[in-house]
Amino acid sequence: MHPSYATPSTHPVLQAHERQRCEIWTRVMGYHRPMASFNTGKQGEFRERVYFREPGQALACADA
């Protein structure tokens with residue numbers, strides 16, 4: 001079995017040549033834009049965002 005393949009119970013291990021950069025999109029001013037198109041200031045604002053949860057509500061952010 002090739003080392004980059006795994007059994008169903010484990011995650012595959014990717015080699016460097018098999019990886020690709022993940023593009024992050026966010027909603028800005030009513031439409032979605034890729035983060036890569038933001039200027040330095042907007043990228044900094046994005047990193048400083050704070051996600052919160054209202055009592056009794058599920059958090060919509062996937063990375064929380």
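On a 1 Å grid over the protein atoms alone, a pocket is an open set of points where a 1.4 Å probe fits, with protein on both sides within 12 Å along at least five of seven lines. Its volume is the space filled by probe spheres set on the points, which are joined across faces, edges and corners. In this predicted model, the largest pocket holds about 170 Å³ of space.

The model is predicted: local features need pLDDT of at least 70, side-chain atom pairs count only at pLDDT 80 or more, and totals for chains, interfaces and linings use all residues. Residues are numbered from 1 along each chain as its sequence is written, and side-chain values use heavy atoms, with hydrogens and water left out.

Start with the fold. The protein chain has 1 helix and 2 strands. From the N terminus, the order is β-β-α. Helices (H or I, at least four residues) and strands (E, at least two) are DSSP runs, numbered from the N terminus.

Next, the surface. The protein chain has 64 residues, and 14% of them are buried. Buried means under 20% relative accessible area, exposed over 50%, and partly exposed in between, with a 1.4 Å probe and protein chains only.

Gln-43 sits in helix H1, residues 40-47. Gln-43 counts as partly exposed because its relative accessible area is 23%. Beyond four places in sequence, Gln-43 touches Met-35, Ala-36 and Phe-38. Contact means heavy atoms within 4.5 Å.

Now take Thr-26, in strand E1, residues 25-28. Its relative accessible area is 7%, so Thr-26 is buried. Setting aside neighbours within four places in sequence, its contacts include Tyr-31, Met-35, Phe-46 and Arg-49.

Arg-49 lies in the segment after H1. Arg-49 is partly exposed, at 37% relative accessibility. With neighbours within four places left aside, Arg-49 is in contact with Thr-26 and Arg-27. A polar contact of 2.8 Å joins the side chains of Arg-49 and Thr-26. Such a contact is a pair of N or O atoms within 3.5 Å; within protein, one must be able to donate a hydrogen and the other to accept it, and residues adjacent in sequence count only if both atoms are side-chain atoms.

Definitions and conventions. On a 1 Å grid over the protein atoms alone, a cavity is a set of points where a 1.4 Å probe fits but cannot get out, and a pocket is an open set with protein on both sides within 12 Å along at least five of seven lines; lining residues have an atom within 4 Å of a point.
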